[in-house]
Amino acid sequence: MSDDSGGSSLSRVQSYALVVAAAILLSAVLAPVAYDRATAQATAPDGRVAVISVEGFISSSSVTAVQEDLREARENESIDAVVLNVDSPGGSAAASEQLYLAVQRTAQAMPVVASVKSTGASGAYYAMLPARDIYVTPASIVGSVGVRGAAPGPSLPGEIKSGPDKASATTDQRRAQIETLQRAFVGSVMKHRGDDLDLSRTEVAHAKVYTGARAVENGMADEIGSTPEAIRQAAAAANLDDYEVVRKEPQRSGGLILLSTDDGGTVVVEQSPAGYDAVDTPTFLMVYGEVQTTDEVIGNVSA
Amino acid sequence: MSAPNSRLAVVFVVIVAAVVGGAAVAPYALGSADDDGDSGPVSVENQQFQPGTILPDETPEEGEISMESDATGKTVLVDVGHENGITKTQLEPLLSTLVENGHRVRFYRGQRQSLNESLRSADAFLVASPQQRYTSDELAGVEAFTDAGGRVLVMGDPPSVQISGGLLFGLGSLQPSAPRTTALGSTYGVAYGSGYLYNMDENDNNFKSIYARPTADTDLTAGVDRVVMREAVPLRTAGATRALVGADGTHLSTTRDPGQYAVLVRSGNVTAVGDTGFVTRENAYDADNDVLIGNLADFLVSGDKQPGAPTPPGADQPQRPPAGGDGGSAGQPTPPPTRAPGPA
């Protein structure tokens with residue numbers, strides 16, 4: 001009995017010690033997990049800044065990817081600001097407008113800051129107009145607020161059309177179309193940057209490109225700085241002291257695809273029943289730089 | 001044994017809960033998180049895209065090309081023998097008007113006979129954008145032609161870039177070419193400038209499509225309020241009458257300077273225009289282009305040329321210095337005309 005009671009009292013102390021030791025051991029395993037989880041939620045990011053790249057020729061397909069990234073930024077609650085990392089001479093007018101609208105929608109939901117790596121001209125400049133700040137470096141170029149398109153060529157011989165304007169347009173009509181797009185483009189520049197610009201509407205419409213320093217001086221851009229500065233500015237605008245940067249790289253589909261068929265305005269019809277080798281759809285371009293013109297085909301861009 | 005067991009379990013749970021719970025709460029005590037994650041529907045309004053804001057006015061294309069002159073049976077010689085940068089199709093509205101009013105149109109191709117021979121039987125001479133230089137004989141012949149009362153209309157273009165060779169794979173070369181109008185114009189005190197004219201403020205849907213307005217009350221501009229020139233080069237002149245100048249806000253591409261740039265000038269029997277595009281059928285009814293084309297047709301047939309000029313070689317022919325035929329550099333002011341204008 002004494003053995004029993006002595007054993008039992010001893011075992012009580014022992015068992016308490018055992019339980020405490022086991023509890024501490026288990027806690028030692030679980031506590032870091034709990035701590036990390038909480039750390040992840042509480043300390044590191046007040047929020048996230050998404051860096052979205054706009055690179056190369058702006059075409060319908062390249063815009064789709066960027067639009068997707070922007071939509072995700074708007075819908076993902078953990079993203080609080082967007083930095084557009086721009087390196088593009090522009091592209092198709094329609095695609096540039098699409099991109100502009102997507103950026104504008106995003107800029108209404110959260111701060112958007114643009115950073116121009118080397119070129120942010122024409123359609124690419126259009127796209128970053130809604131940004132609250134445009135960052136440039138001295139050697140980067142922005143501007144080229146203009147539209148271009150091939151003059152209508154002669155219609156194919158031996159072709160039967162249902163109407164005089166079916167296959168082509170007159171030069172007058174094409175001029176008016178380009179003027180219309182130009183007014184929308186210049187109007188957008190004046191809407192977003194009119195207060196900052198030292199340039200008149202007419203000067204903007206000259207479609208000149210400006211190097212970084214000049215652009216900051218005349219109001220086509222806001223600050224000298226590269227992407228990290230733009231990220232810092234975007235975070236500050238979103239009141240983020242502590243933030244994480246999420247990079248959205250463009251889909252690497254190779255340079256060639258940017259210059260080919262469904263982007264550039266030349267749609268290649270294989271095994272054409274009508275005997276045409278290719279169909280040239282008139283494309284309006286908002287692009288800066290040399291455009292190769294082969295006959296009436298305009299759209300393949302070497303930039 | 002019974003009490004300790006349940007107590008032991010309670011102690012175990014309390015310790016684990018305290019440590020793990022403390023670990024979970026600790027970060028919130030150290031750092032704070034604020035979340036504002038409400039994203040409402042986003043709508044954008046772009047007034048700058050509305051049709052009323054961006055659709056340009058299109059100049060109504062209406063009118064009729066008519067001639068006032070009652071002269072008939074005049075012969076107009078059209079130069080196509082100097083690699084002229086304009087086709088008969090482009091000149092068609094002007095040529096058709098002449099034919100409709102009972103005049104003859106002949107072409108100088110530079111094959112069967114010399115220019116001077118062709119001029120002898122002509123009453124007026126039309127030169128548009130020649131790419132090949134005029135020889136000194138030809139220049140002398142044209143001068144004798146105007147001295148004898150023959151009318152000359154010179155139409156020029158801004159210097160352009162010509163593509164030679166195939167452009168496939170980027171091969172082939174680009175050659176700048178300017179109309180060889182310098183020597184011809186300088187005889188009459190008219191020089192074609194360099195660059196093109198543009199107007200960013202008031203234009204016919206493109207900065208190069210400038211409006212030109214009359215500055216003087218001349219026969220050439222009778223009934224003209226404004227004309228559209230699609231790609232015009234400024235004319236510089238010492239003594240000729242500046243009949244049409246670019247509207248306010250017209251600039252020169254090479255200097256970007258605004259100014260009163262003449263695009264239509266007349267010096268006696270010679271009229272010079274700084275554009276060829278305005279006569280084409282597509283542009284002939286823009287603004288008052290139709291009136292101007294009619295006036296130019298009138299100008300061509302209103303001369304009173306003595307038959308036989310320029311005189312054949314061997315006769316008392318005026319000779320020009322041999323250097324006169326060079327295209328030379330454009331844009332230089334030229335001395336005033338030394339020849340008295342012929343009978344109007």
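Helices and strands here are DSSP runs, numbered from the N terminus. By that numbering, B:Glu58 sits in the loop between helix H2 (51–54) and strand S1 (75–79) of chain B. The model is predicted.

**The chains**

- Chain A has 303 residues, and 42% of them count as buried.
- Its secondary structure comes to 10 helices and 14 strands.
- Take the contacts in chain A between residues at least 6 apart in sequence: 73% of them join residues at least 24 apart.
- Chain B has 344 residues, with buried residues making up 44%.
- Chain B contains 7 helices and 15 strands.
- For chain B, 78% of the contacts with a separation of 6 or more are between residues 24 or more positions apart.

**The nonpolar cores**

- The largest nonpolar core holds 76 residues.
- Within that core, B:Phe125, B:Leu126, B:Val263 and B:Leu300 touch the most other members.
- Helix H7 (residues 289–301) of chain B gives the most to this core, with 8 residues.
- Leaving out residues up to four places away in sequence, B:Leu126 touches B:Val76, B:Leu77, B:Val78, B:Asp79, B:Leu153 and B:Leu300.

**Helix pair in chain A: H2 and H3**

- Helix H2 (residues 60–75) of chain A packs with helix H3 (residues 93–109) of chain A.
- The angle is about 5°, and the axes are 10 Å apart.
- Angles under 35 degrees count as roughly parallel, so H2(A) and H3(A) are roughly parallel to each other.
- From H2(A), the contact involves A:Ser60, A:Val63, A:Val66, A:Gln67, A:Leu70, A:Ala73 and A:Arg74.
- From H3(A), it involves A:Ala95, A:Gln98, A:Leu99, A:Ala102, A:Val103, A:Arg105, A:Thr106 and A:Ala109.
- By class, this contact of H2(A) with H3(A) has 9 nonpolar, 4 polar and 2 charged residues.

**Helix pair in chain B: H3 and H7**

- Helix H3 (residues 88–100) of chain B packs with H7(B) at an angle of about 55°, with the axes 10 Å apart.
- H3(B) and H7(B) are therefore oblique to each other.
- The crossing of H3(B) past H7(B) is right-handed.
- H3(B) brings B:Pro93, B:Leu94, B:Thr97 and B:Leu98 to the contact.
- H7(B) brings B:Ile293, B:Gly294, B:Leu296, B:Ala297 and B:Leu300.
- The contact of H3(B) with H7(B) has 7 nonpolar and 2 polar residues, and no charged residues.
- B:Leu300 also belongs to the residues that touch the most other members of the largest nonpolar core.

**Two loop residues**

- A:Lys166 lies in the loop between strand S6 (141–143) and helix H5 (171–193) of chain A.
- A:Lys166 has 11 C-beta neighbours inside 10 Å, so A:Lys166 counts as exposed.
- A:Lys166 and A:Ser62 are 104 residues apart along the chain, and their C-alpha atoms are separated by 29 Å.
- B:Glu58 and B:Ser43 are 15 residues apart in sequence, and 33 Å apart in space, C-alpha to C-alpha.

Note on methods
Residues numbered from 1 in each chain as written. Chains lettered and ligands numbered in written order. Predicted model: local features only at pLDDT ≥ 70, side-chain atom pairs only at ≥ 80, totals over all residues. Axes fitted to C-alpha atoms, helices over the stretch in contact; angles between N-to-C directions. Helix = DSSP H or I, 4+ residues; strand = E, 2+ residues; numbered from the N terminus. Parallel < 35°, antiparallel > 145°, perpendicular 65-115°, else oblique. Contact = placed C-beta atoms within 7 Å. Nonpolar A, V, L, I, M, F, W, Y, C, P; charged D, E, K, R; others polar. Buried ≥ 20, exposed ≤ 12 C-beta atoms within 10 Å, placed from the backbone. Core = buried A, V, L, I, M, F, W, Y, C linked by C-beta atoms within 7 Å. Left-handed = near helix turned anticlockwise from the far one by under 90°.
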